Amino acid sequence: MGFGDYMLFIVGAVLVNNILLAQFLGNCPFLGVSKRMDTATGMSMAVVFVITLAGACTWLVQYYILIPFNIEYLQTIFFILVIASLVQLVEIIMQKTVPGLYRALGIYLPLITTNCAVLGVAIINIQKEFDFVQMLVFSFASAVGYGLALCLFAGIRERFALARIPKVFEGTALGLVTAGFMSLAFSGFAGLVGH
Amino acid sequence: MSLMKEFTKGFWELLPPFRLVLGLCPTLAVTTSAENGLGMGLATAFVLACSNMLISALRKIIPSKVRIAAFIVVVATFVVVVELTMQAYFYALYVKLGIFIPLIVVNCIPLGRAEAFASSNGVLASGADGLGIGLGFAISLFSLGTIREIFGAGTFWGVHVMWSGYEPMAFLLKAPGAFVCLGLMLAAINLISARQAKRKLEAARLAAAQA
């Protein structure tokens, strides 16, 4: 792949096939932590960090453990264990070495284990048979797309506080409808990359 | 009698994903047809019922510090069972649901029920709870899939049901339609429960007035 191909690849992963709005991964924290801008940015940064790291680790596990030993059918169990222990490890290391960053991202880390975007991206990396560099680029770009959607959504949701909302739509219901329109807007990017 | 109560609460009181707002990803992603929705729902129900029973049986052995990791391993085991079974007997459905079958592991419903119910209740009660909530989830996914399939493609279970001149609303089958449709359904359910609560309150007031 040349440089131009990588650019298209990144635009595709961030905007066109946004993991949150087009592939429906990681919707629970999307609706959960998007009520305020600062929590949304914190969560986005934690997600970018963990998805890239987890993508690399699960890729190595797949090609250096699961395939040589012919135990690909245990992929799901291995991957979720790798992700869970990785998140725990990152939490401990961060707490000791970069306490500032830990204070900013720490509370989001435990939530990330059950964010299906992490396991989802790890599985997509394997399904699409990416090599190591493609995998890193795809994981990072997908996570950035997730963060982008999350922050934009939080910005919209902060305005809800000032609006008069019908009682039955309060909370998640209106959040979902709004996400639908955001998804519609994002699907407009499909013209950027021809596929 | 209480077993029955644990079983039926999943159908309305804790109906996922509406009352218990968990497990949104598969709800949004696979409900493009009634068949996909039902398949996903039943797969989740199986995992949920089995993992709830096993976790409840092991609840005195699992140390509370590592319980989340232990729960994840139990859930992941049953997910692999479902994955391999579906690969063997329902291959077409397996391909259609794709990545969302392994992702049942991180569907928050099994973990949520393990934490909230199975880790402090008996095996039978946990089984009833898991089966009830799981079937509730299957019913929700089936209804959402039915609505999206009928209006979005004009078919039900692959058979044409709308009149011949009907122009399908393809929007509903696309990603934005999933969000909007689920949001509207949630609002409808909020409306029904608000009405119910009001009626109950009025009945109580009436009873109090009579007494």
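Two residues are in contact here if their C-beta atoms, placed from the backbone, lie within 7 Å. This is a predicted model, in which local features need pLDDT of at least 70 and side-chain atom pairs count only at pLDDT 80 or more, while totals for chains, interfaces and linings use all residues. Residues are numbered from 1 along each chain as its sequence is written, with chains lettered from A in the order in which they are written.

**View 1. Residues where H9(A) meets H8(B).** On the chain A side, look for A:Leu174, A:Val177, A:Phe181 and A:Leu184, among others. Their partners in H8(B) include B:Phe179, B:Val180, B:Leu182 and B:Leu186. By class, this contact has 14 nonpolar, six polar and no charged residues (Ala, Val, Leu, Ile, Met, Phe, Trp, Tyr, Cys and Pro count as nonpolar, Asp, Glu, Lys and Arg as charged, and the others, Gly among them, as polar).

**View 2. How the axes of H9(A) and H8(B) cross.** Helix H9 (residues 172-187) of chain A and helix H8 (residues 175-210) of chain B have axes that come within 7 Å and cross at roughly 165 degrees. Axes are lines fitted to C-alpha atoms, for helices over the stretch in contact, and angles run from 0 to 180 degrees between N-to-C directions. The two helices are therefore roughly antiparallel (an angle over 145 degrees).

**View 3. The elements of chain B.** Chain B holds eight helices and two strands, DSSP runs of at least four residues (H or I) and at least two (E), respectively, numbered from the N terminus. Follow the chain from the N terminus and the order is α-α-α-α-α-α-α-β-β-α. Its C-alpha atoms fill a box of roughly 60 × 60 × 25 Å, taken along the principal axes.

Notes
Parallel < 35°, antiparallel > 145°, perpendicular 65-115°, else oblique.
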